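My plan was to look things up one at a time and write each down.

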Amino acid sequence: MDGIKYAVFTDKSIRLLGNNQYTSNVESGSTRTIIKHWVELFFGVKVIAMNSHRLPGKGRRMGPMGHTMHYKRMIITLQLEKNLKKILNNTAIHLYKTSTPSTRNGAVDSQVKSNSRNNLISGHQRHCGKGCNSRGIITSRHRGGGHKRLYRKIDFRRNEKDISGRIVTIEYDPNRNAYICLIHYGDGEKRYILHPRGAIIGDTIVSGTEVPISIKPYALEEACAVWEGVLIDQKEESTSIDMPLGTTIHNIEITLGKGGQLARAPGDVAKMIAKEDKSATLKLPSGEVRLISKNCSATVGQVGNVGVNQKSLGK
C-alpha cells in the first residue's frame with residue numbers, strides 16, 4: 001500500500017487492537033486521503049478516524065542539529081464489519097496482552113495446533129547429538145540439550161496420484177519452521193504435507209500429471225495471502241511438463257521419484273522461466289537458475305508460514 005511503511009507492534013498498539021485501532025508508520029509526504037483510500041480498499045471497511053503525530057528525531061553524536069524522521073506514526077480506527085471479523089479470525093499472528101515480563105511483545109500463531117497421529121510420527125533419535133556432524137565433532141556450538149522431539153513423516157514424494165485429499169488440520173512441526181497439513185485421501189490414506197500458503201482447513205488437493213491448475217481472483221473474504229494478486233484455489237502437484245511458464249512452485253524434485261528437496265523453507269517459492277528439450281529452467285529462492293528434468297514433480301504455490309520472522313515468544 002502506497003504511503004504505509006509497516007505496522008507497529010508495541011504494548012500500546014496491542015491494547016488498541018481491541019478497539020479496532022491499528023498503528024502504522026506512514027511516510028511524511030502521504031496525505032490522509034491516500035492512506036484512507038488504501039486502508040479501505042485493503043480491509044474492505046470504512047475508516048472512522050485517523051490520528052497522526054510526528055516522532056521525535058534522533059540526535060547526532062556531535063552538534064546541536066539532529067536527524068529528521070521521514071515518517072510519522074498514525075492510529076487508524078476501523079468500523080468492525082463481518083468481512084473484517086473474518087480477516088481477523090484468519091490472521092496468522094496473534095498478539096496478546098503483557099501479563100508477565102516473559103510475555104512482553106509476544107506474538108504467536110493462534111490457529112496452528114499440535115495434533116500428531118501415532119502412525120505418522122516416530123521417536124527419531126539423533127545418533128551424534130545436537131550440534132555435531134556425523135563424526136561426532138561439534139560444528140555448531142551451544143546447541144546441546146533441548147526438548148525431546150518426535151519426527152513427523154512428511155510426504156515429499158506425493159505419490160497418491162489422481163486421488164483427491166482434504167486438509168483436515170494445520171499443525172506445528174518442531175523439526176522445521178514451516179507448518180504441516182494432515183491430508184485425508186479418498187482411499188483412506190492419511191499423510192502429512194508441507195502447508196501451502198493460503199491453504200485452509202477444508203481445501204481439496206490433487207496430485208497428478210494431468211491435474212489442472214485452478215486460479216481465481218483475489219477476494220478479501222477468502223484470502224490469507226494478502227499481498228498476492230491471485231490465490232490458488234486447489235493446491236496441486238504436477239510435473240514440469242504440464243506446468244506453464246511463470247508458475248510458482250515449491251517442494252521440487254531433483255531426482256525423479258526421490259521426493260521434493262528444493263524450496264521447502266517457510267515462504268520459499270521458485271519460478272519456472274523456460275523449457276527446453278528434456279529440461280526445465282527454474283529460478284530458485286536464492287536467485288540461482290537451475291536445470292532439472294521435466295519429469296520431476298513439484299507443488300504449485302508458496303510454502304506457508306511466511307511471517308515466521310515476525311513471531312516472538314516474548315523472552
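Here are my entries, in the order I made them.

**Ground rules**

I am working with a predicted model, in which local features need pLDDT of at least 70, side-chain atom pairs count only at pLDDT 80 or more, and totals for chains, interfaces and linings use all residues. Residues are numbered from 1 along each chain as its sequence is written, and side-chain values use heavy atoms, with hydrogens and water left out.

**Entry 1: the whole chain**

I started with the secondary structure. The chain has three helices and 22 strands. Both come from DSSP runs, numbered from the N terminus: helices are H or I with at least four residues, strands are E with at least two.

Next I looked up burial. Of the 315 residues in the chain, 38% are buried. Buried means under 20% relative accessible area, exposed means over 50%, and partly exposed lies in between (1.4 Å probe, protein chains only).

Then I took the surface. The chain exposes about 18700 Å², and carbon and sulfur atoms supply 51% of that. The areas come from the Shrake-Rupley method with a 1.4 Å probe; for residues, only the protein chains shown count as cover.

I also checked contacts, meaning heavy atoms within 4.5 Å. I took those between residues at least 6 apart in sequence, and 61% of them join residues at least 24 apart.

**Entry 2: salt bridges**

How many salt bridges does the structure hold? I found four. The rule asks for a side-chain nitrogen of Lys or Arg within 4 Å of a carboxyl oxygen of Asp or Glu.

One of them joins the side chains of E160 and R191, at 3.4 Å from N to O. This pair links distant parts of the chain, 31 residues apart. E160 sits in the loop between β8 (151-152) and β9 (165-171), while R191 sits in strand β11 (residues 190-194). Are the two buried or exposed? E160 is buried at 9% relative accessible area. R191 also counts as buried, at 17%.

R191 has another partner. Its side chain meets that of E189 in a salt bridge, again with 3.4 Å from N to O. E189 is partly exposed, because its relative accessible area is 31%. I then noted the network: salt bridges link D155, E160, E189 and R191.

**Entry 3: K190**

I moved on to K190, which is in strand β11. K190 is partly exposed, with a relative accessible area of 37%. Which residues does K190 touch, leaving out those up to four places away in sequence? The answer is L120, L182, I183 and H184. I also looked up K190 and D155: they are 35 residues apart in sequence, and their C-alpha atoms are 9.9 Å apart.

**Entry 4: S207 and a polar contact**

S207 lies in strand β12 (residues 204-207). S207 is buried, at 1% relative accessible area. Its side chain makes a polar contact with the side chain of R158, at 3.4 Å. A polar contact is a pair of N or O atoms within 3.5 Å; within protein, one must be able to donate a hydrogen and the other to accept it, and residues adjacent in sequence count only if both atoms are side-chain atoms.

**Entry 5: a charge over a ring**

What lies over the face of F156? I found R264, at 4.0 Å from the ring centre. The rule wants NZ of Lys or CZ of Arg within 6 Å of the ring centre and within 35 degrees of the ring normal.

Most residues other than glycine have a negative phi. N251 lies in the loop between β16 (248-250) and β17 (252-253), and it is buried at 5% relative accessible area. A263 is found in the loop between β18 (260-262) and β19 (270-276). A263 is buried too, at 10%.

**Entry 6: G29**

My last stop was G29, in the loop between β2 (21-27) and α2 (32-43). Is G29 buried or exposed? G29 counts as exposed, at 71% relative accessibility. G29 and K72 are 43 residues apart in sequence, and 9.4 Å apart in space from C-alpha to C-alpha.
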